[in-house]
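Take a look at the structure below. The paragraphs after it lead you through some of its parts, step by step.

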Amino acid sequence: MRYVCFFFIFLLGKILVAQTINNKYYQEAITFASHNDVNQALASIDKAIYFDGNKAPPVFYFHKYEYLVKLQKYHLAFEVLNTSISLHPNSVLLLNTRAEFFFALRKYKQAIIDYEKIISFVMEDDLRNYNMKLASCNFLIRDFEKVAIIIKQVLINNPSNINALNLLAALYIELLDFTKAKEILQRILHRDPSHLATIINLGFSFQKAGQHKKANFYFNKALKLDPDNPIALSNRAHSKLKMSILEEALSDIKKSIGLLPTNSYAYMIRGRIYLKLGESKKACVDFNISKKLNFSEQYGNEIEELLSNYCY
């Protein structure tokens, strides 16, 4: 990722469900999970589901999914989601969880299907929040027309929505209208001078315009607020590469990859740095990793061109 949109993975049970459930096995599962005894929690939630039968609520299945993920049984976890959604087809909890599962696997088109279903029956704040999730997924598959339509709807009802404004700025960056992008981002910073995503996006707008010294001013500012931010690190590495500060660029990008090893963009940058350092074999390894992480779906043909020019 080069800029920060509205990204939102809450895998492993970050969703809070405010309800009281009179099922002793469910309560046992929650207790076991709170003590990190995931196997016992899974056994108890299975009993809870069996005890309630077809009346078992969505939250039971959500926790079963959660425990299976913690045990790294991802295939079974996904099966639980599909089965539970067939039983509870309008459960926002389950549909959102499956969408986030798809998002984690970078299967953005499948996530979009679930988010589109959710927004067909939620209202007000929930509708706005899920519209932003939907817009972000569409952004990642470069369907900018749909992104623009959704952002317009969100801003009509909430013109100061920071997430929508950041995504609008990202759209202007993609359209190479850096002036409008910077105007929006500076407006956000006037309201909230320490808004991390906005600071990073402003840095990227300068980077995209080829103003790397100014870009790094904002990436440095972001890293003062969050020294381990992988997006700010990868962007700073890119600008340092363009400024031929290669050793510092390599240090930044290695740290970024260590913090976020699924970021296809970071591997592309490290590969470019290795090319500059004359280490073409290492570069090609990184370019191939970037390709496997679906760089092209998010960013276009750059990785294919690099592989063709330097590795085939």
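Predicted model: local features only at pLDDT ≥ 70, side-chain atom pairs only at ≥ 80, totals over all residues.

Residues are numbered from 1 along each chain as its sequence is written, and side-chain values use heavy atoms, with hydrogens and water left out.

Start with the cores. In soluble globular proteins, nonpolar side chains tend to be buried together. A nonpolar core is a set of buried Ala, Val, Leu, Ile, Met, Phe, Trp, Tyr and Cys residues joined through side-chain atoms within 4.5 Å. Buried means under 20% relative accessible area, exposed means over 50%, and partly exposed lies in between (1.4 Å probe, protein chains only). The largest nonpolar core here has 75 residues. Ile45, Phe60, Tyr67 and Tyr115 have the most contacts inside it. A contact means heavy atoms within 4.5 Å. What does Phe60 touch? Leaving aside residues up to four places away in sequence, Phe60 touches Ile21, Asn23, Tyr26, Ile45, Ala48, Ile49 and Asp52. A second, separate core has 22 residues, including Tyr267, Tyr274, Ile303 and Leu307.

Asp286 sits in helix 16 (residues 280-292). Helices (H or I, at least four residues) are DSSP runs, numbered from the N terminus. Is Asp286 buried or exposed? Asp286 counts as buried, at 2% relative accessibility.

Now the rings. Rings of Phe, Tyr and Trp (its six-membered ring) pair if their centres lie within 6.5 Å; planes under 30 degrees apart count as stacked, over 60 as edge-to-face, and the rest as tilted. The whole structure holds twelve aromatic pairs. One of them joins Tyr65 and Phe101 edge-to-face, at 6.1 Å centre to centre and 65° between the planes. Tyr65 lies in helix 3 (residues 58-70) and Phe101 in helix 5 (residues 92-104), so the pair ties together parts that are 36 residues apart in sequence. Tyr65 is buried, with a relative accessible area of 2%. Phe101 is buried too, at 10%. Phe103 and Tyr108 form an edge-to-face pair, 5.3 Å centre to centre with 70° between the planes. Both Phe103 and Tyr108 are buried. Ring pairs also link Tyr65, Phe78, Phe101 and Phe102 into a cluster.

Next comes helix 9 (residues 162-174). The expected span of a helix is 1.5 Å times one less than its number of residues. For the 13 residues of helix 9 that gives 18 Å, and its end C-alpha atoms are 18 Å apart, which agrees. Ten of the 13 residues are buried, so helix 9 is largely enclosed by the rest of the structure. Among the buried ones are Leu165, Leu167 and Ile173. What covers them? The cover includes helix 7 (124-140), helix 8 (144-157), helix 10 (178-191) and helix 11 (196-208). At the start of helix 9, a side-chain oxygen of Asn161 reaches to within 3.1 Å of the backbone nitrogen of Asn163. After helix 9 comes Leu176, whose phi is positive, near 65°.

Finish at Asn157, in helix 8. Asn157 counts as exposed, at 65% relative accessibility. The side chain of Asn157 reaches the backbone oxygen of Gln153 at 3.5 Å.

Notes:
Helix = DSSP H or I, 4+ residues; strand = E, 2+ residues; numbered from the N terminus. Polar contact = N/O pair within 3.5 Å; in protein donor to acceptor, adjacent residues only side chain to side chain.
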